[in-house]
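Thank you all for coming.

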Amino acid sequence: MRRFFLIGVLVAFGAAGIMARQPAGGPPQVAEILKVKDNLYVVKGGGGNTAAFITRAGVVLVDTKLANWGERIMQQVRTVTDKPVTTIINTHTHGDHTGSNEYFPASVEVVAHVNTKANMEKMPAFAGEKAQFLPDRTYTDRLTLGSGDERIELRHFGPGHTNGDTIVVFPALRVAHTGDLFAGLGTPLIDTKNGGTGVAYPETLKKAAAGISGVDTVIPGHADVMPWSRFVEFGQFNAAFLAAVQQAIKDGKTAEEAFAGLKLPEQFKDYQIGRGQANVSAIYAELKK
Ligand SMILES: [Zn+2]
């Protein structure tokens, strides 16, 4: 018999957890570089996790944090290599992942999913002259960059956090950067204005888990590096969340009642559920259409 816990009871703890990690004054203002494996590093701080993949030709960055973090990213990267940045991959449109694109020379190739480019084109941060920092190259399902032990695979499995989420796989190192499709262990942000969907999210995660093989380590969008098995588990969490909401709809509950009475398997009791009510409401709105 599977054990369940009542999700509403944990709201208070979830909120306390978030506050504990972000003391007064907000998140840290200093970037920090950590080695993930061999020639792959993660730069923490200032928004989303930036990956730095050092190739023979130069540095490939995955995501560029908030605006005005370019110099702090490069101060950290220069502690491990003198090579210039040649490529930026933006995992999705959000300003805490694309904000410092403008710091880098226009000659740097920016790559993203085709829907992410369309979403970025709507942002004031990429209007007018700043349109030069939009993606130069786009793809729809899959794109390969580089070759041999420097091969990088960009994969898109469908809508979730947004409609243009990329998972960046470094096959030789068995590492993937998921962007905010998997930001960390908790209820994800569902950005419906940029094509995100709570209904399709679990299916997208399931396809990703099935479609990506040979990876043992994940760089989440925001959380610390962890085993790839946590990404697979995160997919199961979202499937359980959606199933519980669908049941609440069947039972005739309001979105508020649904969240208050939501039961999820015991294995997910450590998940942050700060966005739980918002996600229940998003799923209700989607299913009413
Ligand atoms: Zn995001």
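V43 stands opposite T50 in strand 4, where strands are DSSP E runs of at least two residues and helices are H or I runs of at least four, both numbered from the N terminus. What we are looking at is a predicted model, in which local features need pLDDT of at least 70 and side-chain atom pairs count only at pLDDT 80 or more, while totals for chains, interfaces and linings use all residues. Residues are numbered from 1 along each chain as its sequence is written, and side-chain values use heavy atoms, with hydrogens and water left out.

Let me stay with that pairing, which for two strands requires that DSSP finds at least two bridges between them. Strand 3, residues 40–44, runs antiparallel to strand 4 and is joined to it by 4 bridges; the two form a hairpin with 5 residues between them, and G45 in the turn has a positive phi of about 95°. On to strand 5, residues 59–62, which pairs with strand 4 in the antiparallel sense, again over 4 bridges, with V59 as the bridge partner of I54. This hairpin has 4 residues between its strands, and G58 in its turn has a positive phi of about 160°.

Is strand 4 itself enclosed or open? Of its 5 residues, numbered 50–54, 5 are buried, so the strand is largely enclosed by the rest of the structure; buried here means under 20% relative accessible area, exposed means over 50%, and partly exposed lies in between, with a 1.4 Å probe and protein chains only. T50, A52 and I54 point one way, A51 and F53 point the other way, and all are buried.

Now for the metal. Which residues are the protein donors of the zinc ion? They are H92 through NE2, H94 through ND1, H161 through NE2 and D180 through OD, lying 2.2 to 2.3 Å from the ion, where donors are N, O and S atoms within 2.8 Å of the metal, or 3.2 Å for Na, K and Ca. Along the chain these donors follow the spacing H-x1-H-x66-H-x18-D, and both H92 and H94 are buried.

Finally, the largest nonpolar core has 36 residues, and I167, F237, F241 and V280 have the most contacts inside it; such a core is a set of buried Ala, Val, Leu, Ile, Met, Phe, Trp, Tyr and Cys residues joined through side-chain atoms within 4.5 Å. Helix 6 gives the largest share of this core, 10 residues.
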